Every structure is written in C-alpha cells, then in structure tokens.
Amino acid sequence: MTSARPGVRRKTIGQIFGIPLLTALLSAIGLVSALVGDGIWDSVSWVMLLFPILLCVYCLRQAQKRVRLLIDRIAEAFSELGA
Amino acid sequence: MASASSSLRKWAWVHKWSSIVCTAFMLLLCITGLPLIFHEEIDDLLHEQVKAGQVPEGTPLVDLDRAVASGLAAAPKQVAHFLIWDPDDANSLLLSVGPSIDVNPTDNRIIRVDAHTGTFLDAPDVTGRFTYIMLKLHTDMFAGLPGKLFLGLMGILFCAAIVSGVVVYAPSMRKLNFGAYRRERPRIVRWLDLHNLAGILLVVWMLAVGFTGVINTWADLVIKVWQFGQLAEMTSQYADRPPVTQPTSLTAAVATAQQAQPDMKPAFVAFPGSIFSSKSHYGVFMRGNTPLTAKLLKPALIDAATGKLTDTRNLPWYVTALLISQPLHFGDYGGMPLKIIWAVLDVITIVVLITGLYLWLRRRRSGSSVERMLAATQAASNDPVLTS
C-alpha cells in the first residue's frame with residue numbers, strides 16, 4: 001500500500017527489472033536444460049520453469065495477507081469509534 | 001525527457017495495436033494448444049489401439065521390405081511415402097501412405113505394423129479425432145498454408161506485444177514494489193497488476209513458445225528450400241535419370257546408411273519420389289543417440305537402383321533450427337512434469353491475454369486512458385482509513 005502513495009520515491013530501472021531479469025535467466029536455463037540431457041537435466045528444467053509460476057502465486061497470496069491486515073485494522077478503527 | 005516520453009508513447013502504441021490484432025487468435029492458439037500438450041495421453045484414453053507384441057530388448061527388427069509389404073497389403077491402391085520408427089513405441093513401425101507418391105503427405109494415412117513380426121496392427125482414421133481437430137485449428141484453422149502463415153504473422157505480433165509490453169512495464173511499476181497486487185482496489189487496478197505480474201514473469205517462456213511457433217509455420221517453406229538447395233545438390237547427377245521402377249531392398253538401404261553413420265539410429269526412410277528424397281533415392285534419415293542429437297537428423301541418400309550410398313550430409317542450419325524449435329514449442333522434451341508445467345504456463349498466458357483485453361475494453365468504453373483511470377481511483381482511495 002505505502003508504495004502506491006504519491007510522493008514515494010520512484011523506483012530505479014534496476015529495482016523494476018531485477019526480479020524479472022532473474023526470472024528470465026532461470027526460465028532460459030529451464031528451457032535449454034531439458035533439451036541438453038535427460039534425468040537430472042530434466043529436473044533442473046522443471047525447477048527453473050516452476051519458479052515463475054510459484055513466484056506469481058506467492059505475490060498474489062502476499063497481497064491476500066495484506067488485505068486481511070487492512071480489514072483487521074479497519075474493524076479495529078470501527079470498534080474504537082463505537083467505544 | 002520529452003523524447004523519452006514520446007518514445008514511450010510509441011512503445012505503448014505498439015503494445016496496444018499488436019495485442020489488439022493478435023489477441024483473439026492467440027486465445028484460440030492457447031486454448032487449442034492446451035489439449036495438444038497431452039495429445040498422446042488423450043488419444044490413448046479416447047481411442048483403442050492394437051498393441052504391438054512385447055519382445056525382450058535386443059530382438060532384431062523384422063525385414064523392413066516385409067513390413068512395408070504387409071502394411072501396403074492393408075491399404076489397396078496406396079503407395080508408401082515414409083517408413084517411420086515409432087518414437088513412442090520401439091515395438092511398432094509407422095508406414096505413411098498416400099494415393100500417389102506426389103500428393104501432399106499432410107493428408108497421408110498412417111498404418112501401424114509390428115516392428116518384430118511385420119504383421120499389420122491397425123490403420124486408424126485420425127481425421128475425426130478430437131486431437132486432430134485441435135491440431136488443425138492450432139496449425140492452420142483448416143485453411144492450409146495461407147492459414148498457417150497467417151497464424152505465423154499473428155505469432156510475430158504476439159512477440160512484438162511481449163517486447164513492447166516489457167518496455168511499458170517500467171513506467172507502470174515506477175511507484176510499485178515488484179509483484180504488487182492491489183487486491184482491495186477496483187477490478188481495473190487488480191487486473192492491471194495481474195497482467196503486469198504474470199506478463200513479466202512469463203516473458204521468456206512466452207517468447208520462446210511464441211517464436212518457435214512462428215518458425216513451425218514456416219516448416220513447409222523450409223522443406224521446399226532444402227529440397228531445391230541441399231537435396232538437389234546432393235542428387236544433381238541423377239536429375240535427368242528416369243524414376244526407379246524396381247527399387248532395391250529397403251532393408252539393405254537402411255543397413256548401408258547405418259554403416260555410414262554407425263553412431264546413429266534410423267528415424268525414418270523417405271521413399272524415392274517423396275518430398276524428403278529424390279526420384280531415384282531412398283532418403284534414410286538418421287538421428288543421434290543423445291537427447292539433443294536425437295532431435296537432429298542426418299540424411300543418407302541411398303541409390304534405389306544400385307543400393308549404394310550416394311551422399312550423406314548434415315542438414316543445413318535452417319532445417320536444424322526448425323528441428324530444435326519443435327520440442328521447444330511442444331514442451332514434450334522433459335517428461336510428464338514438463339508437460340504439466342507447460343500447461344500451467346499456457347493457462348497463465350490465457351490470463352495475461354484476457355486481462356489485457358479487459359484493460360483495453362475498459363479504456364475504450366470510458367474514453368480515457370488506463371493511466372488516467374488509475375489516477376482517478378487512486379485519488380478516490382486517498383481516504384485516510386484505506387491508506388493507513
């Protein structure tokens with residue numbers, strides 16, 4: 001939430017593209033490794049390509065947690081008003 | 001600064017228009033592509049198949065001429081184009097037959113023959129199958145080569161949309177942490193966040209599958225170039241010779257090819273006159289033994305009149321590029337787990353397409369830009385309680 005507030009410092013290109021770049025690198029390794037060999041190479045490929053999927057799920061779940069916190073805080077504020 | 005923002009506007013324009021044009025077709029490709037990832041499993045489930053006899057490892061193959069003869073006996077008035085070593089089942093051989101040697105082999109029928117006894121197994125008509133319909137929709141929308149090339153063009157636009165999307169991602173994220181998903185905000189904000197997050201995480205995979213898909217649409221052209229290039233060169237001294245009427249033994253031809261390439265295995269044989277060979281040669285296509293070289297092919301041309309080796313060369317780079325781009329598009333090169341990952345990534349791509357489409361529609365309806373609308377919702381939520 002705080003990050004969206006106006007007046008907050010703008011992110012640098014490095015901050016914006018850091019994680020995307022890492023993901024891109026891992027995906028590329030994942031795409032190639034299963035092509036190179038079988039067995040362990042296949043497993044490396046699964047892990048590398050699973051990374052963006054898991055990261056996506058993680059970010060969405062984090063957001064869910066933040067919302068829960070927010071709702072708790074609003075409820076708290078209302079109960080204080082009532083008191 | 002002014003030039004930076006004007007170039008950004010150009011990238012935004014590219015992102016918008018490339019996406020608008022290709023989205024409907026990309027949705028079709030993603031949806032039909034999903035079952036195609038599992039086409040073998042689906043076919044196994046939906047269709048009965050005569051199983052080839054199980055034999056201990058190392059059992060020699062049947063005499064190939066006999067296998068071809070028994071396959072052709074089950075298909076009157078058909079001629080053999082290719083004999084294929086079934087990549088999924090070492091116990092069966094696939095014979096690709098058409099009504100004449102010079103018809104387009106994409107409509108060929110496949111006859112399965114037992115690899116060790118040579119007996120006919122079955123010749124299923126695949127054209128009514130679910131996977132066949134999906135495949136046709138996916139590759140050319142039942143519109144032949146023009147349909148294929150058109151989908152290739154859509155694939156190029158898709159790649160342009162991805163690259164321009166990376167550029168416009170930066171200003172969109174200037175004030176946000178990576179992976180920000182503002183769940184409490186209106187749908188347009190949530191879906192923008194989802195579009196940005198899923199889109200940026202899948203950039204490399206979407207580009208890889210998108211671009212290799214484009215390359216696959218050029219397969220027919222690549223084969224034509226190879227035919228008139230390397231193949232014509234290898235068989236130039238035979239160009240004026242009449243077609244062979246009494247071809248030599250196929251088994252001997254394969255053995256000769258095997259001798260020339262002892263470290264390789266036969267992948268398929270193209271019969272004289274078919275698109276992968278000359279009028280006077282068997283084209284024996286050998287593949288390597290390692291996972292990478294197994295995807296690559298090396299043709300050995302065997303004179304069908306004498307049974308002698310004419311020439312064997314590595315395929316030119318453009319055919320190699322096509323052969324490598326195929327597994328990268330299909331996702332069939334890393335076992336079942338990779339297929340499942342492919343399917344999940346495909347579904348996430350559908351999410352990126354749909355959220356992108358929604359953002360554009362909302363913007364059109366309200367007549368304002370997404371940015372302006374975001375600013376408006378941001379102002380509305382500058383309520384002290386919500387932003388605390």
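Here is a short walk through a predicted model, with something to select at each stop.

**Stop 1: the sheet in chain B.** Start by colouring the strands of chain B. You'll find an open sheet of eight strands with antiparallel pairing, and its order reads S4-S3-S2-S1-S5-S6-S7-S8. Now pick out S4 (120-122) and S8 (309-312) of chain B: they stand at the edges with a single partner strand each, so one side of each has no neighbour in the sheet.

Stop 2: Select residues 109-114 of chain B, which is strand S3, along with S4(B); the two pair in the antiparallel sense over two bridges.

Stop 3: Which residue stands opposite B:Leu301? Click across to S8(B) and you'll land on B:Asp311. Then follow the hairpin of S7(B) and S8(B) through the five residues between the strands, and stop at B:Gly307, which takes a positive phi near 80°.

**Stop 4: where the chains meet.** Bring chain A back into view. The contact takes 39 residues from chain A and 39 residues from chain B. On the side of chain A that touches chain B, highlight helix H1 (13-36) and helix H2 (40-82), each supplying at least two residues. H2(A) gives the most, with 18 residues. Colour that side of chain A by residue type and you'll get 27 nonpolar, six polar and six charged residues.

Conventions:
Residues numbered from 1 in each chain as written. Chains lettered and ligands numbered in written order. Predicted model: local features only at pLDDT ≥ 70, side-chain atom pairs only at ≥ 80, totals over all residues. Pairing = 2+ DSSP bridges. Helix = DSSP H or I, 4+ residues; strand = E, 2+ residues; numbered from the N terminus. Contact = placed C-beta atoms within 7 Å. Nonpolar A, V, L, I, M, F, W, Y, C, P; charged D, E, K, R; others polar.
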